[in-house]
Amino acid sequence: MRLVLVRHGEAHAGFHGVIAGPTGCSGLTAHGRHQAEALRDDLLRTGAINADVLVASMIPRAIETAQIIAPGLGFEEFQRDCDLCEVHTGEADGLPWSEYPERYGALDMTTEPDREFAPGGESWNSFHERVERTMRRLAAEHSGLTVVAVCHAGVIMASMRTLLGMEHPGTGARLQPSNTGLTVWEHEEDGDRWTLHTFNQATHLVGLVRET
């Protein structure tokens, strides 16, 4: 199974405004849509990915990205999978970030890895366990196929940490996937082994200018 993880385009989400889970996310910026269009056009031009399955997380910024790139992969429809979402924020989804500390207290998930983001949400450790479990589930469900999964930076970084055995938290160095960057994994059933072929391939963004 070949698994292509695609980070969504630039979004309104961030550590300002509201906490952008499935409810709080307001989708892509105009530049984010242009990034996704650039990827779609590159996929159409090169035919580099012969995808059997297209799936996206349940968060609007990933769904919108998948909608834009789908024609470049030959899809009209695609699946949604909650397990591809960013850290589940529980009841804090949609809450203004400015109100989070007052309601839940200051939180650094890497120093308190077993503390939930908010009631009904995930901890740093449970998020990584979910990502690893999801990777293995996708490999089992789509043996021999190519799956394109539109997801989030956190999911891509967690896949690197868990499958490559990297410490998390580590030394302070970080991985930072670009918006619409592609990370390609391959799973071999014989030996249950993962191989990382590409991290953050984003040549389709070369020359893309942000409109003012």
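Q: Why is Cys-85 called buried?
A: Buried means under 20% relative accessible area, exposed over 50% and partly exposed in between, with a 1.4 Å probe and protein chains only. Cys-85 has 1% relative accessibility, so Cys-85 counts as buried. The model is predicted: local features need pLDDT of at least 70, side-chain atom pairs count only at pLDDT 80 or more, and totals for chains, interfaces and linings use all residues. Residues are numbered from 1 along each chain as its sequence is written, and side-chain values use heavy atoms, with hydrogens and water left out.

Q: What makes Cys-25 buried or exposed?
A: The relative accessible area of Cys-25 is 8%, so Cys-25 is buried.

Q: How many disulfides does the structure hold?
A: A disulfide is a covalent bond between the sulfur atoms of two cysteines. Here the term is applied to a pair of cysteine sulfur atoms within 2.5 Å. The structure holds zero of them.

Q: What makes residues 30-46 a helix, and what span does helix H1 reach?
A: Helices (H or I, at least four residues) and strands (E, at least two) are DSSP runs, numbered from the N terminus. H1 has 17 residues. The expected span of a helix is 1.5 Å times one less than its number of residues. H1 reaches 24 Å from its first C-alpha to its last, close to the 24 Å expected. After H1 comes Gly-47, with a positive phi near 60°.

Q: How do you know that the buried residues of H1 line one face?
A: The buried residues of H1 include His-31, Gln-35, Leu-39 and Leu-43. The arc is taken from the directions from the helix axis to the C-beta atoms. Seen down the axis, the buried residues of H1 fall within an arc of 150°, so they line one face. On the other side, Leu-44 and Arg-45 are exposed.

Q: What do the buried residues of H1 pack against?
A: They pack against S1, helix H2 (60-73) and S5, where contact means heavy atoms within 4.5 Å.

Q: How do you know that strand S1 and strand S5 pair?
A: Two strands pair if DSSP finds at least two bridges between them. S1 (residues 2-7) and S5 (residues 182-188) have five bridges, in the antiparallel sense. One of the bridges joins Leu-5 to Thr-183 in S5.

Q: Why do strand S3 (79-80) and strand S6 (193-201) stand at the edges?
A: The open sheet has six strands in the order S3-S2-S4-S1-S5-S6, with mixed pairing. S3 and S6 each have a single partner strand, so one side of each is left without a neighbour in the sheet.
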